[in-house]
Structure formats: C-alpha cells, structure tokens
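Reader: Please take me through this model, starting with how it is divided and then moving to its contacts and packing.

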Amino acid sequence: MPEPRTIPWWRDRRVVPWLVQGGVALVVLVVIALLLGNLVRNLTAAGLLLSWRWLGQPASFDVAESLIPFDAAMPYWRALLVGLVNSLRAILIGLVGATLLGTAVGMAAYSGNGLVRRLGRVYVEVIRNIPLLLQLLFWYFVVFLSFRNGTEALQLPGIVLAKSGLYLAWFAEGWRWQGPALVNGVWQAPWRFSVEFAALLTGLITYTGAFVAEVVRGGIAAVPRGQWEAATSLGLHWGASMRTVVLPQALPVIIPGLNSQYISLAKNSALAVAVGYADLYSVAETTLNQTGRALEVFLLLLGAYLVIDLLISLVMNGLNQLVQIRER
Amino acid sequence: MPRLRRLLFASPLLLALAIGGCADEGGGGGVQSEKMETIRSRGKLVCGVDGKLPGFSFLGPDGSYSGLDADTCRAVAAALFGDPSKVEYRDLNSSERFAALASGEVDMLARNTTMTLSRDSAGGNGLSFGPTTFYDGQGVMAPVASGIKSLKDLAGKPICVESGTTTELNLADRMREQAIPYTPLKFQTGDQTYAAYLGGRCVAVTSDRSQLAAKRSSFPDPAAHVLLPDVMSKEPLTPASVNGDPAWSDAIRWTVFALFQAEELGITKANVAAKLAEAKANTNQADLRRFLGVEGDFGKQLGLPADFVVKVVGAVGNYGEIFERNVGTGSPLKLERAENRQWNKGGLIYSPPFR
C-alpha cells in the first residue's frame, strides 16, 4: 500500500492549532467589538460619551488635608491628584508599618517566651477574623474620637493624641528637636496627622500586619530545623540565629506571599472614606457627584488602583529575584 | 502562546465593562411608557429613599416607612395601582442614589434630593424632576455650649458634611465668598457624619435645615444643639425619575400636583369619599368632576386610572395633611410651613390647573 504523499490540511498538525486559535481570537474580537459598539451607541444616545474636558474646570470644593497646595478654585484634576497623593501617603506608610509589625509578630511565633508567642497568636487570630471596615470604624469612632482637645489630650513623651489630631516631635529648623506644644489652647508640632489619617493607618497596619505575620511565620517554618540547630551549635543566641541564618533563608518564601498582602493593603486603603479621610476614592466621589461623569471618574479610579497595584507587583517581583537562592 | 492566553484572561474584564454599559434601548411612544409597563408587570413600585431621616423617610421599629418622602412614594403607588402599600423602599445613600436611578434599580427617587441644573440636564446627571415637595435651605448646627453664633465663628474649624451632596458644594462656596478658612470632614453616610459630630470631631455639622432638625430630634439631648440663623442656599427637595421616559415623569409630576390641588380645593383623606359623591351628584361642578375623574379623561391621558386622584388622596391625604403629619408643628420635627404654604397663603406650593 502506498503512503499518502501529503496530509490533507484539515489534519495537518502545523495548521490546525493555528486555525483553532485564530477562530477563537476572531470570535472574541467580534464580541468585544459588538459590545464596545453597543456601549458607544448607548452612551451617545444618553449624551454621556466619554469626555475629559471637565477635568480642567474648577473643582469648587475643598479637601480636608493635602500635601500639595490646593484650594477650591483649582481644577478637578488637581483635586484628584490631591486625593491620589493622600492615598499614596496612606499606602506607603501603611506598607512600612505593616511589614515591621508583621515581621515582629511573625518572628514572635518562634520566641522562647511563651507569653510573647501566645500574645502574637491572639493578635493574629482576633484581627484576621474581623472585617476591616468594622475595625476602621472602631479605631475612628471609638478610639480616636475619644481623645480630648487642649490640656486634656493624651500626652506621651514626644507624642500628643488629641481629637484635633496626632502630634509628633521632629526636628524643627536648625535641627532643633521640637516636641508638641500648646499654643493658645491649640496643639502645635512639627508633624501633625489628622485623626482620620491616624485611624486609617492604625486600621490598615494592624489588619495587614496580621496577614504579614502569618506569611513571615510560614516562611520561617519553611527553613529546615537543622539550620536552627546549626546556628545554635555555633553559639549564636536566638536573635542572631534569626537575623543571620533563618530569616535570610526564609525571605524567598516570604516575599511572594507579601506581594498579595501589599496589594490588598493598597486596595483596602479605599475604605478611608468610611472614616472621613480625603483619599482618592473620597475626592473622586465628590467629583462624580458634581460632574455626573460616572464612567470617566470610575475609569480614572480603576486605572489609578490598577497602576498602583501593578507597581507594587513590579517592585516585589524585582525583590523576589534578588532574594532567590541561586542554585549553582 | 502566552500572549493569546493573556488576552483571553483579560477578556472577561472587558466583557463585564462592556455589558455594564449596555443600557436597554428606550422605546414606546404616546402614553405607553416602558417604565410604567415594567412597574405594572412587577406589581409594585420600587422607590429610592433615605430611610434614616425622621420626617422624610424613616424605617420604624415595625418595619414600615414613614415621612413626607415615603408618602410621596405611596401616593404614586396609589395612583398606579390604587393601593398605597404596593411600594418597595430601597434605602440609598447620597452617593449611590443617582446611579441606582440611572441603572433602573429604583423607579423613582423621593430622597430629599435638591433639584439643580447639573442634576436635571441631559449633559449632567440626566434626571427628570417632578414638583418640589419641600422648599428647604442649607443650615449649620452647632452645640449650644460652643458659643458659635454665625459662620464667622467657624473660621479654621473642622465642619462635618456628607459627601456627594449639594451641601458640601454650598459650604465651599459660602466660605470662599466670605474668605473663611475651614476644614471639611466628609463622610459617606449621614450616620457617620452625625456620629463624628456627636463625637466632637467637628464643631459644626451642615445640611439642609429640615434634615438638621430631623436628626436633632433623635439626638440624646436635642436642646443642647442650635441651628445657626445663616441660610446658605436654596434647597428645593424634589422627587425625580430618569430622563427619557416622559410619560412616567408626567405621571409622577401630576400625582404630586394632585396632592397640592387637593389641599387647595379642601379635599382631605377624610372627606374625599363625600366630595366624590358630591361631584357625581352635581353635574355643575365641572372642575371638581374633572379633578376626581368623574368626567373627562385626565387619568387616561397620563396612563393612569381615571380616579387616580381619589385613590391618592384617599391613601395619603392632601399635601397639607402629609406635611403636618410628618414634619409639621404637631410632629417631633416641629417645622413651620413657611415657604411650603399654598401659593394663595404666601407660600410656594402651587399646582397648575387640572385642565
């Protein structure tokens, strides 16, 4: 029997997969085109087709706190930028705080001190199992709003907790260390945080810290017991073993887990609106109310959070490559 | 093919975005209204309210809603179905109300909403407003003990305000005009706003005067809080429906006008049956006969039953009765009629002729 010279194209292994993939891609593209066309048609009919001109109009509302100069006569894009800067401020300080707290609590799980171990456990279990929104409302309405103003404020060395804000000591002009001081019944200090910001940060840090602690604990657990024993036999005490032997080996396991915790912290920062902090979402909501440009405002919001999260991922992936154990 | 896979992975997101934008095509001509058809086939009116504002819309302990806004919903349900109980209330906060209406989640809003140009215009929020049911103005409330007497005393102080409201914009405008620096603390819900005020975070809270009075009535010590004399704005609180279904908007508009007209004609919940009998007996009372649907086809022109006025007034009473019951001097809010009197008594409540 003679072998067939050529395989028919519909049975050719070099052609068929391309055809199938091409067909699927075509269907997907057609569906997307149809939906987008429909969207544009309906939006045009409703007079709501995407327009960005409103971004340049005066915002005519004030924002409670801002790192960059802002007043009501400035345009909407500036107001949104103020919100973005406020969000980034909360996210960045939150990331650092949650990492420090989480690492400490995660390491505490391997402490020789039973009380420290149990306290760490209780913290993680309590915080992890209560919704973040409730915690934020608790920190703000129950804890921070119960501080008093003026001379009745809670005064610690270098720190004053009042209803009007959180005042921290810092270097004033000429590298002079300056603590909070009461001037005409109002506290003044080099650093002042609003209680809204303080409540948001406290909530974000304690909440994310609990998850980070679990990631760190898991990372340390992944380091073989023999490494502990080897470090101890060299005469290193607990802290030195942890710092020089165990943690460096745990990092490759910890970093990927941290990535998702950091991203969720960034996303959770949008809950700031519940405690009156003027973050990106809060400013965007006011903007939406005034302009009625729902689609544009939400696209901006989606884009902003997407970029923030992708940036966090990028940095964490870079970090991950740095700490991976190189097999030789 | 990682690239193709990535595209496929992303496509559900795009799909969701695109589908979200697919509003149903508007349709129906003449008196026929797609919205009214939907409501009739559903068997009840879905009405967007605040739900937490005594005197306007308030969910009581027995699970029923009371208030001027709730009664507006009831009046429209009575006009459509002849039964004021065929309403499903949907509590909305000030930020979600317009999205809920635009998406069709609610059929109408009776949610102490100020009528403004940008909310009414097709290029703005694109709402269709009915007649104003309460003429209000923005005020400021502060604790009596704070000694604050006017806006000037608020310089440099934090003021609590609900975000997504005209209130926050008027506050900014008035303070800018008078060059008074201040810190706006914005909260997403009224509950949070007033909790922060009562918690002492802000020295004052600003909102519509009626709302401040309503909230104050539910404070632990109402007498410890005072409304400043400054009135910062005009706040005509008005029911609204979505732009694009004129027949439905007309039905709401003329149901509310019927409440005004009934008060002007002295028709009350108690005497509407007697008035109807009188109109039926006396063929000379043409105005009354047309108003109550004994003759003419006003109901039909609106796509409503001929006797919708009788049903509406029989269910909730006339405008004056609704006002007195919910917010008037006999209610916990103790508000004067003021601008909300009938036009012939010096107020702004005015119904065009039923003709």
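Reader: Into which domains is chain B divided?
Author: The model is predicted. In chain B, residues 137-235 make up domain 2. The segments 27-133 and 238-355 belong together.

Reader: How many residues does the contact take from domain 1 of chain B and from domain 2 of chain B?
Author: The centres of the two domains of chain B, taken over C-alpha atoms, are separated by 30 Å. On the domain 1 side of the contact there are seven nonpolar, seven polar and one charged residues. The contact takes 15 residues from domain 1 of chain B and 17 residues from domain 2 of chain B.

Reader: Which element gives the largest share of the side of chain A that touches chain B?
Author: In this contact, 32 residues of chain A meet 38 residues of chain B. By class, the chain A side has 18 nonpolar, 11 polar and three charged residues. Two elements of chain A give two or more residues to that side, α1 (16-45) and α8 (280-291). The largest share, 10 residues, comes from α1(A).

Reader: Which residues does B:Cys73 touch, not counting residues up to four places away in sequence?
Author: With residues up to four places away in sequence not counted, B:Cys73 touches B:Leu45, B:Cys47, B:Val49, B:Val87, B:Tyr89 and B:Ala110.

Reader: Against which helices do the buried residues of α10(B) pack?
Author: In α10 (residues 272-281) of chain B, B:Val272, B:Lys275, B:Leu276 and B:Ala279 are buried. Seen down the axis of α10(B), these residues fall within an arc of 100°, so they line one face of the helix. On the other side, B:Ala273, B:Ala274, B:Ala277 and B:Ala281 are exposed. The buried residues pack against two helices of chain B, α11 (286-291) and α13 (308-316).

Key: Residues are numbered from 1 along each chain as its sequence is written. Chains are lettered from A and ligands numbered from 1 in the order in which they are written. This is a predicted model: local features need pLDDT of at least 70, side-chain atom pairs count only at pLDDT 80 or more; totals for chains, interfaces and linings use all residues. A residue is buried if 20 or more other C-beta atoms lie within 10 Å of its own, exposed if 12 or fewer, and partly exposed in between; C-beta atoms are placed from the backbone. Helices (H or I, at least four residues) and strands (E, at least two) are DSSP runs, numbered from the N terminus. The arc is that of the directions from the helix axis to the C-beta atoms. Two residues are in contact if their C-beta atoms, placed from the backbone, lie within 7 Å. Domain bounds come from an automatic or database domain assignment. Ala, Val, Leu, Ile, Met, Phe, Trp, Tyr, Cys and Pro count as nonpolar, Asp, Glu, Lys and Arg as charged, and the others, Gly among them, as polar.
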